[in-house]
Amino acid sequence: MSIPHIALALAVTGLWGFSFVVMRELLDALPPLMMAGLRVATAALPVLILIRPPAIAWYWTLGIGLTQGTIQMSLVIFGMEFGMPAGLSSLLLQSQVFFTTLFAFAILDERPGRAQYAGIAVSGAGIAIIGLTLPGGPTLVGLGFVLAASVCWACSNMIIKLAGTDDLLRLIAWAHLIGVVPLLGLSYVFEGGAAAFTALTDMTWVTIGELFFLGLIATCFGFMLWSYLLRRYPAYLVTPFSLVIPISGLISTALLLDETLGSQRLAGVGLVFVGLVLATLRFRARRTVRL
């Protein structure tokens, strides 16, 4: 990967990590499923300008809308409802790196080199070290929900690569539009119409601004840039950058919510970045000259 694209990948995943702070604030103001529904509704706002859907088969857009929006978000929320701590959930979601690499090998015949395997392994060890510092004991059901969500993210990565379009803003906006009705419907069923109405009427301008940041900037434009990188490079070069997300979340909460990092977490952060360097470098074997 080129240096500008590495910087872009770090910026996007850093933004997603910071968005966990915003999400935490929104969950204090809105019911979880309703928040997810409003998030995808805000992410779909560019449809008001880009009225025409992307010029690809409808099932690609539907697939991204379901895997990247409705199903993935619902599974994460249900996992947390069944006892998975938020921090551990964000870490476990990054197992999509391994699922994506496996799917890309099986479907697209993308073959990582030894450096990429080593980088993923080192970064995975760093994430495991950070995970050991997090409190809470997840239930088996909650663990299964979050693992299923990571599989959904990996499927979304594959669909983006297979869809065959570079009209990415239109694709991401229309894909999230698909998720609005299912998520708000789930909110009505599980959280109740009265609670939803009360939450809407009690929203402040700060809450609305946080929704716009989370939906339009972090989700719509974030996934558009992520999709651009996936279309340009093999999945095994791009997806390891998602391991930055929990690190960015930890740093953001340390700066904004006064949470301490500690030496063990800092060691894990260091391993993740060493792994990313290994995963994105291309080593060329020296040629031996025979006389």
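Select arginine 170 first: its relative accessible area is 12%, so it is buried. The model on screen is a predicted one.

Next, pick aspartate 166. This residue is exposed, at 59% relative accessible area. Show arginine 231 with it. The two form a salt bridge, and their closest N and O atoms are 3.2 Å apart. This pair links distant parts of the chain, 65 residues apart. Arginine 231 sits in helix H10 (residues 205-232), while aspartate 166 is in the loop between helix H7 (140-163) and H8. Arginine 231 counts as partly exposed, at 29% relative accessibility. The salt-bridge count comes to 2.

Move to helix H8, residues 168-191, and select serine 187 there. Serine 187 is buried, at 2% relative accessibility. Leaving aside neighbours within four places in sequence, serine 187 is in contact with Leu33, Met34 and Gly192.

Follow Leu33 into helix H2. Display H2 (residues 32-43) together with H3 (residues 58-81). Their axes come within 10 Å and cross at roughly 160 degrees. An angle over 145 degrees counts as roughly antiparallel, and so H2 and H3 are roughly antiparallel to each other. The crossing of H2 past H3 is right-handed.

Finish on the side where they meet. From H2, select Pro32, Leu33, Ala36, Arg39 and Val40; from H3, Met73, Ser74, Ile77 and Glu81. Colour this contact by class: 6 residues are nonpolar, 1 is polar and 2 are charged.

How values were computed: Residues are numbered from 1 along each chain as its sequence is written. This is a predicted model: local features need pLDDT of at least 70, side-chain atom pairs count only at pLDDT 80 or more; totals for chains, interfaces and linings use all residues. Side-chain values use heavy atoms; hydrogens and water are left out. Helices (H or I, at least four residues) and strands (E, at least two) are DSSP runs, numbered from the N terminus. Buried means under 20% relative accessible area, exposed over 50%, partly exposed in between (1.4 Å probe, protein chains only). Contact means heavy atoms within 4.5 Å. Axes are lines fitted to C-alpha atoms, for helices over the stretch in contact, and angles run from 0 to 180 degrees between N-to-C directions. Angles under 35 degrees count as roughly parallel, over 145 as roughly antiparallel, 65 to 115 as roughly perpendicular and the rest as oblique. A crossing is left-handed if the near helix is turned anticlockwise from the far one by less than a right angle, and right-handed if clockwise. Ala, Val, Leu, Ile, Met, Phe, Trp, Tyr, Cys and Pro count as nonpolar, Asp, Glu, Lys and Arg as charged, and the others, Gly among them, as polar. A salt bridge is a side-chain nitrogen of Lys or Arg within 4 Å of a carboxyl oxygen of Asp or Glu.
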